[in-house]
Amino acid sequence: MNIVTIEPHSSLKQVVKKFWYADIPNSAHQNKPFHIMADGALGIVFQHCNGHSALLNAAGQPFPLSFVYGQKSNSPCINSFCDHPFLFGVNLQPTAFKKLFNINTHEITDTLLTVDHLFPKHFTEQLLHATSPEQISSLFNQQLLKRLQSSKEDKIIDHSIQLILADTKNMGPNDLSSLFPVSRRHFQRKFREHLGVCPESYMRIIKFQRSIHLLKTRQYSKLSDIAFSLNYADQSHFVREFKLFAGCTPKEFLVKSPSIPVSGHHNPPFETMRILIN
């Protein structure tokens with residue numbers, strides 16, 4: 001699968017990491033399974049094959065043509081592609097969903113929401129009639145820029161995310177909440193509203209994503225090096241956490257996914273694909 005990225009409008013960089021699109025080759029017209037793994041953020045997907053849904057859940061039911069996916073909080077789920085789908089994605093910044101749509105992000109953790117709840121009624125129809133990925137990105141730019149004009153930010157939550165990404169291995173949830181002039185309970189509630197998970201869970205997801213980056217860029221001599229560098233209690237703890245979020249051990253992951261792209265940086269920005277194709 002060849003993924004092509006498109007930069008969002010410059011004013012959207014605070015809420016959108018990037019746009020991307022891909023055609024999934026499927027000459028045999030067989031269902032292709034893919035894993036959905038925790039990556040620490042939400043996103044929007046528009047997908048179809050000749051105007052019909054080409055993504056199926058584990059029960060074989062089709063996904064909406066366009067939807068927002070929530071945080072994935074633990075073990076991966078296995079969905080599948082059918083036919084020859086076109087995919088277009090909007091990778092959101094961690095706190096963007098609550099800012100843009102004023103919806104409690106925790107309400108869609110481990111599930112999805114159709115874009116009919118977020119954009120004008122005929123938006124998906126407009127996407128279907130677009131003749132190029134650039135036109136699709138233009139449509140998303142227009143709608144998201146409108147939303148940005150009335151967006152609401154929370155400086156405490158934004159700052160907390162910056163601190164987590166800057167020092168994931170040493171930052172603890174109690175340490176984090178103590179840095180702000182609010183009660184721990186209030187901080188945790190606001191964090192879940194904006195991120196979809198509690199601070200502890202979010203930190204575990206980010207450490208998992210960093211471990212994937214270290215694996216893919218071969219920044220280790222042995223697995224215990226990764227466990228040590230990310231401040232896991234020991235190698236066994238690292239393997240258990242990795243297996244929870246990836247559904248396999250680190251060694252099995254490297255065998256199954258040698259082609260997953262990662263950025264060339266160790267500290268943010270870093271990124272792996274949320275979708276892992278078998």
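Colleague: Why does Phe242 count as buried?

Modeller: In this predicted model, local features need pLDDT of at least 70 and side-chain atom pairs count only at pLDDT 80 or more, whereas totals for chains, interfaces and linings use all residues. Residues are numbered from 1 along each chain as its sequence is written, and side-chain values use heavy atoms, with hydrogens and water left out. Buried means under 20% relative accessible area, exposed over 50% and partly exposed in between, with a 1.4 Å probe and protein chains only. Phe242 has 1% relative accessibility, so it counts as buried.

Colleague: What makes Phe208 and Phe245 an aromatic pair that is tilted?

Modeller: Rings of Phe, Tyr and Trp (its six-membered ring) pair if their centres lie within 6.5 Å; planes under 30 degrees apart count as stacked, over 60 as edge-to-face and the rest as tilted. A search of the whole structure finds 19 aromatic pairs. For Phe208 and Phe245 the values are 5.3 Å centre to centre and 35 degrees between the planes, and the pair is tilted.

Colleague: Why is this pair said to tie together parts that are 37 residues apart in sequence?

Modeller: Phe208 belongs to helix α7 (residues 199–216) and Phe245 to helix α9 (residues 235–246), so the pair ties together parts 37 residues apart in sequence. Helices (H or I, at least four residues) and strands (E, at least two) are DSSP runs, numbered from the N terminus. Phe208, at 1% relative accessibility, counts as buried, and Phe245 is buried with a relative accessible area of 2%.

Colleague: What makes the pair of Phe242 and Phe253 edge-to-face?

Modeller: The centres are 5.5 Å apart and the planes form an angle of 80 degrees, hence an edge-to-face pair. Phe242 lies in helix α9 and Phe253 in helix α10 (residues 250–256), 11 residues apart. Phe253 is buried, with a relative accessible area of 1%.

Colleague: Why is α7 described as largely enclosed by the rest of the structure?

Modeller: Of the 18 residues of α7, 15 are buried, so the helix is largely enclosed by the rest of the structure.

Colleague: How do you know that the charged end of Lys207 sits over the ring of Tyr232?

Modeller: A charge sits over a ring if NZ of Lys or CZ of Arg is within 6 Å of the ring centre and within 35 degrees of the ring normal. The charged end of Lys207 is 4.1 Å from the centre of the Tyr232 ring and sits over that ring.
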